[in-house]
Amino acid sequence: MTDTTNNLKVVIVGHVDHGKSTIIGRLLADTNTLPEGKLQEIKERCRKNAKPFEYAFLLDALKDEQKQGITIDMARCFFKTSKRNYIIIDAPGHIEFLKNMCTGAAKADAALVVIDAKEGIQENSKRHGYLLSMLGIKQISILVNKIDLVNYDEKIFDAIKKEYTEFLNTIGVTAVSYIPVSGRGGDNIAQESKNIEWYNGIGVVEQLDSFHTQAMKQSKAFRMPIQDIYKFTENNDSRRLIAGTVESGSAKVGDKVIFLPSGKKSKIKSIENFNKPKSEKISAENATAVTLSEQIYIKPGELMCLEQETKPLVATSFFANIFWLSKSPMIKGKTYKLKIASTRTTAELAKVINVLDASELSSIKEKQLFERHDVGECIIETSNPIAFDLVSEIEGTGRFVIVDNNEIAGGGIILKKCSSENTIIKKHIKEREYIWEKGYITEQTRALRNHHRGKFVVITGGNKDFQNELAKQLEYTLFNMNLNSYYMGMANVYKGLGSDICSNMHSRNEHIRRLGELARILTGAGLIYITSIESLDTYEKNKLEKLNSPNDILFISINEQRLANTHKELSFPKNFAEEDIIKNIILKLNKLSIIPEYCI
Ligand code: GTP
Ligand code: MG
């Protein structure tokens, strides 16, 4: 397999029939990429079939050749100049282009936009320009093609240049060059044109050679999205291999690493390679695996970063530029799957900021959804915190895809972090409390009768059996004190209330959501509702607390290193006896005025 990592990837876009394939054919022919005699052979075949020769035919011819040696899909072709190798991505239409771009299948370093001199700027000329800018492709050259059809007229070239520059200005893009070309005649492709004397600028090949590759990637902060974790199984080996492909930067053995969003830390112990000796260093675009000095439990989807470098952002919502491809529109209140690097999570459309018609770039007012082919800005909220970068910083971890019904439904780039977290939950609670119909009995009256107030007590952090037993004993002890305590485990909430067939990640989120809603009802009814959940993270705690509001919550954390004793959290060190924990919880509940003095 050919190593293509250092090739320059160029995407060629433009309105239908403006000459993309012809220009690529010319590039292949005029840079001597074609096998000996191929051009003649195709010309001859056309002559025999009385069919006019087209340079675009060369693409098909070359595809046949390339299929024999290297993997190639329909949209790519390879050629080289004296400076370097190129991969040209010819997107058959902008939908395919978008799909390829947002999945990363066609991460382009630069773009050529082809505009037909005779037809002038068309809908897709603009739409594609906008999409390039949205995808963060900054090196863009405009080829004004078929200049032969307008008699190599400078005025027409100038007019198109002016109009397109004005358009690009509105979206904050500056083209690196405008080149008058004729794909058919070969003018200004690999050779200078004799027909266009008024033009003194560079030709297409020169332009390609002056684009920069993404060598920059190496100099950015280290990011390795974790794809998989493999356990060594032989000889009681407890090591784990953390595998992934480095997105940017580099790291070496001994470096201190941090995994985000979990925040877990360790050190790189070794860098393993498949069927190759170990290495000392890993860098951008290498698929690799590392072992860590200290064994920590991490999950695929985390980002491995270096402790001393700039960290990615960790949040549950962000501002994004989005484009929608699916037939069913993107709507609020629906759960989608979001993929960003190796992270998979569920997400919702939290807010639509604007929806644009991509060809006109005029905003469609009052629209609160994205229909097929719409583009625009929005806030996306994820069900779990995720680690990401802004696309302007690191591209691969700043770009995402949205999946609906197992299909890519849309994609986008992250513009900035959103500070108003949990907008969806907050809004939900506001609405829920607004419509909540209360009876005549107030919380106080109920507390007077019960001799205690309602409280949601969540036990977490310990091992499952210990936690469950503790929760049940707490229920039992409180019950025997004539208090209305009620234990219900996590499994009941899931199974008892009916579960959807969904992924593990999804079901845990759903678990937490149901538990929170249920707690709001039970605590509202004046019960001391006790449950136990394995390893709750800060985000999940936050969610439970919000869902249970306006009623109170108390987290009991077991096996904690750092002890907390606040109005909503009480923690215990390792090996603390069950009895003592219960005693302390009862003291705490009294202190919080949940249960009366005579109980303790
Ligand atoms: P799609 O892939 O269908 O979007 O089209 P395309 O942009 O790849 O255009 P293609 O290269 O197939 O060219 C369309 C037509 O324009 C063909 O008949 C070409 O021969 C013709 N054409 C392309 N470039 C030139 C040019 O520089 N001058 C003239 N006169 N015709 C051209
Ligand atoms: Mg074509």
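**Asking what the words rest on**

Tutor: Gladly, and let us start with Asp-389, which is in contact with Arg-223, Leu-303, Pro-312, Ile-394, Thr-397, Gly-398 and Ile-414, leaving aside its neighbours within four places in sequence. Contact here means heavy atoms within 4.5 Å. This is a predicted model, in which local features need pLDDT of at least 70 and side-chain atom pairs count only at pLDDT 80 or more, while totals for chains, interfaces and linings use all residues. Residues are numbered from 1 along each chain as its sequence is written, chains are lettered from A and ligands numbered from 1 in the order in which they are written, and side-chain values use heavy atoms, with hydrogens and water left out.

Student: Why is Asp-389 called buried?

Tutor: Buried means under 20% relative accessible area, exposed over 50%, and partly exposed in between, with a 1.4 Å probe and protein chains only. Asp-389 has 5% relative accessibility, so it counts as buried. Its place is the loop between β19 (375-388) and β20 (399-404); strands are DSSP runs of E with at least two residues, helices are runs of H or I with at least four, and both are numbered from the N terminus.

Student: What makes the pairing of the Asp-389 and Arg-223 side chains a polar contact?

Tutor: A polar contact is a pair of N or O atoms within 3.5 Å; within protein, one must be able to donate a hydrogen and the other to accept it, and residues adjacent in sequence count only if both atoms are side-chain atoms. The side chains of Asp-389 and Arg-223 are joined at 2.8 Å, and those of Asp-389 and Thr-397 at 2.7 Å.

Student: How do you know whether Ser-342 is buried or exposed?

Tutor: Ser-342 has 8% relative accessibility, so it counts as buried. This residue sits in the loop between β17 (336-340) and β18 (343-356). A polar atom of the Ser-342 side chain lies 2.8 Å from the backbone oxygen of Ile-226.

Student: And what is the value for Ile-179?

Tutor: Ile-179 has a relative accessible area of 0%, so it is buried. Ile-179 belongs to strand β6 (residues 177-180). Among the residues it touches, not counting those up to four places away in sequence, are Phe-157, Tyr-199 and Val-204.

Student: Why can one speak of a buried face on helix α2?

Tutor: Lys-38, Ile-42 and Cys-46 are buried in α2 (residues 38-48). Seen down the axis of α2, its buried residues fall within an arc of 75 degrees, so they line one face of the helix. That arc is taken over the directions from the helix axis to the C-beta atoms. On the other side of α2, Gln-40, Arg-47 and Lys-48 are exposed.

Student: Which residues are closest to ligand 1?

Tutor: They are Lys-20, Thr-22, Glu-54, Asp-148 and Arg-184, out of 15 residues that surround ligand 1. To be near it, a residue needs a heavy atom within 4 Å. An oxygen atom of ligand 1 is 2.4 Å from an N or O atom in the Thr-22 side chain, and a polar side-chain atom of Glu-54 lies 2.6 Å from an oxygen atom of the ligand. Taken alone, ligand 1 exposes 650 Å², and the protein buries 82% of that; accessible areas come from the Shrake-Rupley method with a 1.4 Å probe, and for residues only the protein chains shown count as cover.
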